[in-house]
Amino acid sequence: MNKQDITTLGQLKQSGYKSESVKDELRRNLITQLKKKEEGGFEGIIGFEDTVIPDLQTAILSRHNILLLGLRGQAKTRIARLLVNLLDEYVPYIEGSELFDDPLNPISWFGHSIVQEKGEDTPIAWIHRSERYTEKLATPDVTVADLIGDVDPIKAATMKLTYSDERVIHFGLIPRAHRGIFVINELPDLQARIQVSLFNILQERDIQIRGFKLRLPLDIQFVFTANPEDYTNRGSIVTPLKDRIESQILTHYPRSVEISRKITQQEASLTPDQRANIEADGLVKDLVEQIAFEARNSEYIDKKSGVSARLTISAYENLISNAERRMIINHETKTFVRIADFLGVIPAITGKIELVYEGELEGPGKVANILIGKAIKTLFAKYFPDPEKAKKAKAPNPYTKIINWFSDGNTLAVLDDLPLAEYKNALNQVTGLKELIKQFHPSLAETQRLILMEFVLHGLAEYSQLSKGFLDNGFAFSDMFNSLFNLQPDDDDLNLDDDRY
């Protein structure tokens with residue numbers, strides 16, 4: 001007989017079904033997956049394979065309630081939601097029970113009374129694992145009634161019952177999560193008095209509503225998430241509550257550009273047309289990730305606040321869209337991401353960083369440009385020789401022709417909306433630039449060669465070999481010394497200090 005064909009308590013008993021707590025259920029299914037060498041239900045979580053996931057699996061095997069502690073954008077909520085994969089696909093409950101009573105072990109007045117009344121004919125229904133997950137975002141206005149429940153005076157009056165009778169209680173989210181997973185996000189945001197109301201549920205498994213004590217042996221896997229910043233800024237987890245949460249697991253940001261890139265490519269929301277028509281080279285993908293790494297180490301950004309993985313995801317989406325905008329404007333059918341397109345990622349950066357005092361003095365737009373510049377400088381060394389060392393070395397400097405071309409008074413503007421032919425002509429007119437790429441990267445497609453040519457100009461500017469000015473819709477390059485001595489105060493076309501932000 002198929003599980004879902006069982007409709008009465010008698011049939012359930014005949015099938016050999018045995019009651020099991022939700023923590024034992026999670027443990028059993030995890031053991032099965034580990035034996036099969038599967039991912040343990042955490043598909044899509046990248047970079048935690050050797051750190052967070054083993055700790056989480058240990059906590060589940062220990063049947064612990066769990067606190068995921070980490071800065072924003074570290075996949076805490078996603079991990080909690082994936083725990084559902086470790087539940088049985090369907091479990092039986094007494095039909096009509098608002099607490100999804102276990103037919104063999106009911107806890108509510110309704111469950112007890114219907115089993116007593118109908119016995120083996122008690123109607124049984126089946127609940128899917130997706131319905132056994134409850135999530136609540138902690139906010140300062142959450143009440144005990146929201147989480148635990150409250151007395152319903154109308155129900156008491158209608159049924160002519162006293163307030164101490166269980167039947168007049170309107171249960172909150174936690175009792176309704178019986179036999180499932182209950183997640184509280186941002187736990188420190190809960191007021192201390194609300195956190196206190198969780199003590200007995202976690203330890204003694206009884207609840208109190210308006211002074212009436214009710215023994216309700218709830219079966220719940222609790223998962224809490226918290227940000228360490230909250231301990232100082234908005235609130236804290238009261239010590240006795242932390243003591244009752246058996247396992248505290250620390251999350252972290254991706255530890256390499258490669259892992260960060262995998263996450264971004266997995267999470268970025270691109271249209272099929274964008275994927276088909278816009279080429280993004282490995283260099284620009286790595287640059288997006290490097291921006292986040294630079295931000296996490298920047299003296300302008302609050303390290304306690306963190307730099308979310310959402311920054312790189314949003315930045316990559318903007319990068320693709322900026323290239324798409326140019327493609328549409330120029331009536332092109334295909335295009336590729338250029339370094340100039342990084343002007344488009346600035347709005348994705350400015351909204352996702354918390355600046356310290358020094359950063360506030362610079363302004364978010366300026367800080368974003370600084371981060372992009374630092375990312376370019378960091379990656380430049382992986383593709384080309386260090387310009388400062390090349391300048392001092394006895395061997396011929398590979399950048400001499402390029403720098404001399406600008407020293408002769410030439411300037412170059414690279415706008416983000418240039419058609420391909422104009423973009424190519426602009427870069428090819430710089431003496432020595434094309435030869436440099438052929439020297440160090442001889443086997444490249446044309447689009448890759450053009451990206452590296454532009455990349456070299458930005459890199460030389462970061463190493464103070466060229467001057468880079470910010471235009472409203474692109475960049476302008478010129479000789480370092482001429483720009484310092486010859487730039488007129490009323491020059492509106494080339495502004496070396498200010499960008500559009």
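Modeller: Buried means under 20% relative accessible area, exposed means over 50%, and partly exposed lies in between (1.4 Å probe, protein chains only). By that rule, 51% of the 501 residues in this protein are buried. It's a predicted model, where local features need pLDDT of at least 70 and side-chain atom pairs count only at 80 or more, while totals for chains, interfaces and linings use all residues. Residues are numbered from 1 along each chain as its sequence is written, and side-chain values use heavy atoms, with hydrogens and water left out.

Biologist: What makes the phi of Phe100 worth a look?

Modeller: Phe100 isn't a glycine, yet its phi is positive, about 50°. His331 isn't a glycine either, and its phi is about 55°. Most residues other than glycine have a negative phi.

Biologist: How many helices and strands does the protein have?

Modeller: There are 24 helices and 16 strands, counted as DSSP runs from the N terminus (H or I, at least four residues, for helices; E, at least two, for strands).

Biologist: How does the radius of gyration of the protein sit against a compact globule?

Modeller: The protein has 31 Å, whereas a compact globule of 501 residues would be near 23 Å; the radius is taken over C-alpha atoms, and the rule is 2.2 Å times the number of residues to the power 0.38. The C-alpha trace spans about 100 × 50 × 45 Å along its principal axes.

Biologist: Which residues lie nearest the centre of the largest pocket?

Modeller: Gly73, Gln74, Ala75, Lys76 and Arg310, out of 31 lining residues. Helix H4 (76-82), helix H12 (257-267) and helix H15 (309-329) each give two or more residues to that lining, and H4 gives the most, with 4.

Biologist: What makes it a pocket?

Modeller: On a 1 Å grid over the protein atoms alone, using a 1.4 Å probe, a pocket is an open set of points with protein on both sides within 12 Å along at least five of seven lines, and lining residues have an atom within 4 Å of a point. The largest pocket holds about 630 Å³ of space, the volume being what probe spheres set on the points fill.
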